[in-house]
Amino acid sequence: MKYSVITVGGATEDIIFYTAEGLSLNNPKDLLRQHLLAFEAGAKVKIDRSWPSFGGGAANAAVNFAGLGLKCATFVCLGKDDRGAKVRANFKKRGVDVKFLSY
């Protein structure tokens, strides 16, 4: 089977959350870290709401290429757990061939 694109790399389940407890810090002396988002180390952070999403470089690229109508597959390693199953199901739902997945 021919593919227009095969991606190689990472696939994750991300957790996105909203909170008002972070601080925005300016750090002009460090060119690579000029603006930082900070939380107290070890503190409990109140989260207003959260939801899961999918991410990872190879996963995002594969899903977007498939969304453009290209024949696409991805070569990523997933865990043999509920999260790995969710990521795999998302690939299938989005039209990405899953035959190269490893566990």
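**Strands, helices and cysteines in a predicted chain**

Strands E1 and E6 (residues 72-75) pair in the parallel sense, and four bridges link them. The model discussed here is a predicted one.

Biologist: In what order do the three strands of the open sheet stand?

Modeller: The edge strands, each pairing on one side only, are E1 and E7 (96-97). The pairing within this open sheet is parallel, and in it Val-8 stands opposite Phe-75 of E6. The order of the three strands is therefore E1-E6-E7.

Biologist: Which helix packs on the sheet, and what angle does its direction make with that of E6?

Modeller: The helix in question covers residues 57-67 and touches E1, E6 and E7. The helix is H1, and its direction makes with that of E6 an angle of about 170°.

Biologist: Is Thr-7 buried or exposed?

Modeller: Thr-7 has its place in strand E1, which spans residues 5-8. Residues up to four places away in sequence being left out, Thr-7 touches Ala-58, Ala-61, Ala-62, Ala-73, Thr-74 and Phe-75. Because its relative accessible area is 8%, and the cut-off lies at under 20%, Thr-7 is classed as buried.

Biologist: Which residue has its backbone oxygen 3.0 Å from a polar atom of the Thr-7 side chain?

Modeller: The residues that Thr-7 touches include Ala-58, Ala-61 and Ala-62. Of the residues named there, the one whose backbone oxygen lies 3.0 Å from a polar atom of the Thr-7 side chain is Ala-58.

Biologist: Which of the two, Cys-72 or Cys-77, is buried, and which is exposed?

Modeller: The relative accessible area of Cys-72 is 1%, so this residue falls under the 20% limit for burial. Cys-77, in contrast, has a relative accessibility of 54%, which is over the 50% limit for exposure. The buried residue is thus Cys-72, and the exposed one is Cys-77.

Biologist: Which helix holds Val-87, and is this residue buried or exposed?

Modeller: Val-87 belongs to the helix that runs over residues 82-93, namely H2. When neighbours within four places in sequence are set aside, Val-87 is in contact with Ala-11, Thr-12, Glu-13, Phe-54 and Leu-78.

Biologist: How far apart in space are Val-87 and Phe-65, C-alpha to C-alpha?

Modeller: In sequence these two residues are 22 apart. In space, the C-alpha to C-alpha distance between Val-87 and Phe-65 is 17 Å.

Biologist: In what order do the elements of the chain run from the N terminus?

Modeller: The secondary structure is made up of two helices and seven strands. Among contacts between residues at least 6 apart in sequence, 69% join residues at least 24 apart. From the N terminus on, the order of the elements is β-β-β-β-β-α-β-α-β.

Methods. Residues are numbered from 1 along each chain as its sequence is written. This is a predicted model: local features need pLDDT of at least 70, side-chain atom pairs count only at pLDDT 80 or more; totals for chains, interfaces and linings use all residues. Side-chain values use heavy atoms; hydrogens and water are left out. Contact means heavy atoms within 4.5 Å. Buried means under 20% relative accessible area, exposed over 50%, partly exposed in between (1.4 Å probe, protein chains only). A polar contact is a pair of N or O atoms within 3.5 Å; within protein, one must be able to donate a hydrogen and the other to accept it, and residues adjacent in sequence count only if both atoms are side-chain atoms. Two strands pair if DSSP finds at least two bridges between them. Axes are lines fitted to C-alpha atoms, for helices over the stretch in contact, and angles run from 0 to 180 degrees between N-to-C directions.
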